[in-house]
Amino acid sequence: MQKRFTVKTRNREELIDITDEVRKIVIDAKMKSGIVNVYARGATAAIMIQENWDESVQNDVVSFLQNLIPRGVWKHDRQDGNGDAHLKSGLISPSETIPIIDGEIGLSTWQNIFLCEFDGPRPGREIVVTIIGA
């Protein structure tokens, strides 16, 4: 089973919690066990599982990546100014796979699923959710 949804981003770099949308798709699939893959379409976005309790963690992720991979120093910046966004999305990965346990996403208490935007704002980042299971 596969579903898609879009997310509007507001900033050049941000983490956006998409757990509720993915959870609804998993529940609607009515599968008791299996896996759910969450994939961000686009070369400058990624998916990350991260702590959901305090947004300082998400802010720290953005700050860490900005320090690790600064803007404006990469060869690709000569084309369209987003070389850092490509490197960040490649480092994080465009997808995450999560187990389905008893019909629910198998995240722990403090985990949520985040879309990582590295080249926004964008009117619609497409997220593909693929479920395999029984």
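1. Two strands are taken to pair if DSSP finds at least two bridges between them. The model under discussion is predicted. In this model, β2 and strand β7 (residues 111-117) pair in the antiparallel sense, with 4 bridges between them. Within this pairing, glutamate 14 lies opposite glutamate 117 of β7.

2. The pairing belongs to an open sheet of 3 strands, ordered β2-β7-β4 and antiparallel in its pairing. The edges are formed by β2 (14-17) and β4 (45-51); each has a single partner strand, so one side of each lacks a neighbour in the sheet. On average, neighbouring strands of the sheet are turned by 35 degrees against each other, direction ignored.

3. Helix α2 (residues 55-68) packs on this sheet and touches β2, β4 and β7. The direction of helix α2 makes about 135 degrees with that of β4.

4. A separate point concerns isoleucine 98, which is found in strand β5 (residues 95-101). Is isoleucine 98 buried or exposed? Its relative accessibility is 2%, and a residue counts as buried under 20%; isoleucine 98 is therefore buried.

5. Which residues is isoleucine 98 in contact with, leaving aside its neighbours within four places in sequence? The contacts are Gly34, Ile35, Val36, Val38, Ile49, Ile105, Gly106, Leu107 and Ile113.

How values were computed
Residues numbered from 1 in each chain as written. Predicted model: local features only at pLDDT ≥ 70, side-chain atom pairs only at ≥ 80, totals over all residues. Heavy atoms only, no water. Helix = DSSP H or I, 4+ residues; strand = E, 2+ residues; numbered from the N terminus. Buried < 20%, exposed > 50% of the residue type's maximum accessible area, 1.4 Å probe, protein only. Contact = heavy atoms within 4.5 Å. Axes fitted to C-alpha atoms, helices over the stretch in contact; angles between N-to-C directions.
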